[in-house]
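Biologist: Thanks for sitting down with me. Could you walk me through this model, one step at a time?

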Amino acid sequence: MLCSQVWWRLSFPFRRAPSYKGSLRVFSSLSPPPSPASPPPPPPPPMGKKPNVQPESGPDRQKDDAYLKAVISKRIALFESIKAEQIAHRESISGDPIKITLHDGSVKEGKKWMSTPLDVAKEISKSLAANALISKVNGVLWDMERPLEGDSDLKLFTFDSDEGRDTFWHSSAHILGQSLEMEYGCKLCIGPCTTRGEGFYYDAFYGELGLNEDHFKWIDSGAAKAVGEKQPFERIEVTRDQALEIFSENKFKIEIINELPEDKTITVYRCGPLVDLCRGPHIPNTSFVKAFACLKASSAYWRGKKDRESLQRVYGISYPDQKRLKEYIARLEEAKKYDHRELGKNQELFFFHPLSPGSCVFLPHGARIYNKLVEFIRNQYWNRGYQEVVTPNIYNMQLWETSGHAANYRENMFLLEIEKQEFGLKPMNCPGHCLIFDHRVRSYRELPLRMADFGVLHRNEASGALSGLTRVRRFQQDDAHIFCRESQIKDEVKSALEFINYTYEIFGFTYDLKLSTRPEKFLGDIATWEKAEADLTEALNEFGKPWELNEGDGAFYGPKIDIVVSDALNRKFQCATLQLDFQLPSRFNLSYSAEDEAKKERPVMIHRAILGSVERMLAVLLEHYKGKWPLWLSPRQAIVCPVSEKSESYALQVKDQIHQAGFYVDVDTTDRKIQKKVREAQLAQYNYILVVGEEESKTGQVSMRVRDKANISVLSLENLLKFFKEEVAAFR
């Protein structure tokens, strides 16, 4: 499928490795892109539809060239002036010797305000210098060519690390932003790497213009130009007034600047003609991006608010070599075959209706899987000391004001007025569990108190964000909150990790663990944070699985452990949650009586989910298993296929006995040939196909065929049911 020009175009919803339409265009910086005036021929139209004839001039690309030229030159002039002043200042104070300690403990000599991480990488090896994308200096991510400011603990990262990939894709977003600004004269807003872990996007305001895949050739061409020029990413620090002057023509950047804290260091980056407000850091230069593709264009709201300006969001993907991009595209091709939305339709598991957007209707076979997942977790609760509760779906807004959700989450809630009072459908269970804890006096003897809830949750997701089962408005979680003493944190976290491991091994998932520590903005005192982080560290070490430190990425209310799952297609998902919370117990003034009954102590709250959203986990598993459910989860465990009408009565007897034993079984009494019945059963993904003829009717047996295998076993009904029970008990 790959062509010598190495150009492709890709267009699909970027929520999650979905199917894509159209042709794929990718550029390699090793070869020039084709002329925008000579686009590749479009793919043939679907049958019954007329070709979408594109005008010679291509899609609308109107822009105000005079405005753009004035703005670009002004920003570059201001940037270069400030940069020159800062370089002169550094040169006047630089030169003092510093010690640079590497990850392996070795020490290099350097000079203050002169030596850079790239200088150190060059001392180590040419290969490292050529591949290092970003560094971390004293725990802070740092540009490779940014001078060191004193004695430093230095770590270097390539694309194979999370830090390297995130920086690479963030820098690629700037390349994308440069192309968008130069091609369309748009007002750039924000351009991060995506939180889902692959790729990036840039939001911008285009006025009345709407982007689609027809614009990608112009965008790709601009990106290829930026890469080919090997533009360095340069950094300056600016005052608030300087920032406001640089971006005076862009009201979106002005809004961001005005909302920054007074003591916040404001940084601006330049690559080529693009001067952008950005905290960084970035890769050394644009030439590191060897392969780049636009993925999708869609609408978005500024700040995610429906009453604000309508923006256009362009998604992209990039890699440091063509090989990885080809592998990414191959994964997309593979994932397209197993999109849960298509499999769910083919297997009659669920559907969505426009009368209730974002709320899934589970059909009988889908409900079987859904209930089996809940039953699995519920059985584990019995063995692991959890107590299940049932809580209201709707609360007075006073509850959400106490919890803080009214101030921080209101736009994502469904609100309604009842008897002149405002109520909200619950988007999460934790505030309700705080009410349960607080409804009577608690003793230290009751702790840890593990409270579980499968309550229905509602979140008012934007209609454009809804995506199958992975992003819905109505869902259920295997939600639990553990109230415990500080001294119990380690054991409870370790127990929760073992629960996660047990579950994910059954599903066939692999996963990565990361400890996310105190962020820049946090609530509570540092001593409590440090104690909690130490407890989590100890729990992770005793758990025995490899884990990484993710400094500064904890929630504002407490540190957390991120669990990132990899499925059979090597895609990553975050389903499980394990977070400490010091704030909700404080906001609800929760307490328990200590050993000295006159003394009250505050509990710690642990948020914990294994499946996360049951809807989302069902989608992940459906694609992970490629539609071939294991017996214990399968909604179609067996089908009885009589060879002829003569054995139908026996087939119905077999079906009844299997049903009475608690398994999902059907019988095919159509007049089709037995070969056709078996083939249809295989396509419908029945785990076991039970063929019965006159011989089986006489002996009380069945001929059992496994879904994807040709071999046949002859079993008595007693042995068949014993086999089924053993398979289900072993979660096979």
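Modeller: Happy to! Helices (H or I, at least four residues) and strands (E, at least two) are DSSP runs, numbered from the N terminus. This is a predicted model, where local features need pLDDT of at least 70 and side-chain atom pairs count only at pLDDT 80 or more, while totals for chains, interfaces and linings use all residues. Residues are numbered from 1 along each chain as its sequence is written, and side-chain values use heavy atoms, with hydrogens and water left out.

Biologist: How many helices and strands does the protein chain have?

Modeller: Both kinds of element occur in the protein chain. The secondary structure comes to 21 helices and 34 strands.

Biologist: What is the radius of gyration of the protein chain?

Modeller: The radius is taken over C-alpha atoms, and the globule rule is 2.2 Å times the number of residues to the power 0.38. For 732 residues, a compact globule would come near 27 Å, and the protein chain agrees with that, at 30 Å.

Biologist: Which strands pair with strand 8?

Modeller: Two strands pair if DSSP finds at least two bridges between them. Strand 8 (residues 200-205) runs antiparallel to strand 7 (residues 187-188), with 2 bridges joining them, and Lys187 stands opposite Phe205. On 5 bridges, also antiparallel, strand 8 pairs with strand 13 (residues 310-319), where Phe200 stands opposite Gly316.

Biologist: How many residues of strand 8 are buried?

Modeller: Buried means under 20% relative accessible area, exposed over 50%, and partly exposed in between (1.4 Å probe, protein chains only). Strand 8 is mostly covered, and of its 6 residues the buried ones number 5.

Biologist: Is Gln682 buried or exposed?

Modeller: Gln682 lies in helix 19 (residues 674-683). Leaving aside neighbours within four places in sequence, Gln682 is in contact (heavy atoms within 4.5 Å) with Ile689, Arg705 and Arg707. Because its relative accessible area is 14%, Gln682 counts as buried.

Biologist: Why does Ile418 count as partly exposed?

Modeller: Ile418 belongs to strand 18 (residues 415-418). The reason is its relative accessibility, which is 33%.

Biologist: What share of the 732 residues of the protein chain counts as buried?

Modeller: The C-alpha trace spans about 100 × 80 × 65 Å along its principal axes. Within the protein chain, the share of residues that count as buried is 51%.
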